Amino acid sequence: MSGPAMTSEVVGGAGARDDTRPMAGVITTYVEAWEAGDLDAVLASYAPDIVAHYGGTSAFAGSHRGFARFVEVLAETAARSDRRLCSVEALHDDGDRGSVFVTESVRIDGEIHELQRALRVRVVDDRIAEVWLYDLDQHRVDQAWSQPPGG
């Protein structure tokens, strides 16, 4: 038994979509912007009242509510770790929810480390409303985010 394909139905006529391509939902569009380094498009994906949940023991562990606070956390963690996207391993976009598995690099005490991360995402009104971040090596993430900016 297989689930429904993530494709659109072809109705025909001008502008009909090729039914062999997956539909681009909010999460897919977000990931494409992230891969392209399009910060404006990435930020536009987030809802004004986004809630982000981070694990671990660093000062950033816990839940962060609201766009301004979330962007502060993203900027601060990037400044402390020189965090960069290496690759997207898997993407599941089911419209109002999905997940993204990525490899990112971080700098810890001058050395680059690659980390596997998973994001669970909830979408409301065509914006990312909530995200849970899971790390395969939470200890390394805590190290990266606990060092002073400039890692």
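**Exercise 1. Find the partner of Glu76 and describe where the two residues sit.**

Solution. Start with the side chains: Glu76 and Arg80 form a salt bridge, and their closest N and O atoms are 2.8 Å apart. Keep in mind as you explore that this is a predicted model. For some background, side chains of opposite charge can pair when their charged atoms come close.

**Exercise 2. Trace the salt bridges of Asp82 with Arg84 and with Arg107.**

Solution. Take Arg84 to begin with: its salt bridge with Asp82 has the closest N and O atoms 2.9 Å apart. Then turn to Arg107, whose side chain meets that of Asp82 in a salt bridge at 3.4 Å, N to O. The pair of Arg107 and Asp82 links distant parts of the chain, 25 residues apart. Arg107 is in strand E4 (residues 97-108), while Asp82 is in the loop between H3 and strand E3 (84-93). Now check accessibility: Asp82 is partly exposed at 23%, and Arg107 is partly exposed at 27%.

To widen the view, a search of the whole structure finds 10 salt bridges. Arg83, Glu104, Arg117 and Asp135 are linked in a network of them.

**Exercise 3. Work out the order of the strands in the open sheet of six strands, and name its edge strands.**

Solution. Walk across the sheet and you pass E2-E1-E6-E5-E4-E3, with mixed pairing. The edges are E2 (62-65) and E3, each of which pairs on one side only. Neighbouring strands are turned by 20° against each other on average, direction ignored.

Now zoom in on one pair. Strand E1 (residues 46-54) and strand E6 (residues 127-135) run in the parallel sense, paired over five bridges. Ala52 has Val131 as its bridge partner in E6.

**Exercise 4. Describe how H3 and helix H4 (residues 138-146) pack, and which residues make the contact.**

Solution. Begin with the geometry: the two helices pack at an angle of about 90°, with their axes 7 Å apart. That makes H3 roughly perpendicular to H4. Next, list the residues: H3 brings Thr77, Arg80 and Ser81, and H4 brings Ala144, Trp145 and Ser146. Sorted by class, the contact has two nonpolar, three polar and one charged residues.

**Exercise 5. Locate Thr29 and state how far it is from Ala41.**

Solution. Thr29 is found in helix H1. At 42% relative accessibility, Thr29 counts as partly exposed. Along the sequence, Thr29 and Ala41 are 12 residues apart, and in space they are 8.5 Å apart, C-alpha to C-alpha.

Terms used
Residues are numbered from 1 along each chain as its sequence is written. This is a predicted model: local features need pLDDT of at least 70, side-chain atom pairs count only at pLDDT 80 or more; totals for chains, interfaces and linings use all residues. Side-chain values use heavy atoms; hydrogens and water are left out. A salt bridge is a side-chain nitrogen of Lys or Arg within 4 Å of a carboxyl oxygen of Asp or Glu. Buried means under 20% relative accessible area, exposed over 50%, partly exposed in between (1.4 Å probe, protein chains only). Helices (H or I, at least four residues) and strands (E, at least two) are DSSP runs, numbered from the N terminus. Two strands pair if DSSP finds at least two bridges between them. Axes are lines fitted to C-alpha atoms, for helices over the stretch in contact, and angles run from 0 to 180 degrees between N-to-C directions. Angles under 35 degrees count as roughly parallel, over 145 as roughly antiparallel, 65 to 115 as roughly perpendicular and the rest as oblique. Contact means heavy atoms within 4.5 Å. Ala, Val, Leu, Ile, Met, Phe, Trp, Tyr, Cys and Pro count as nonpolar, Asp, Glu, Lys and Arg as charged, and the others, Gly among them, as polar.
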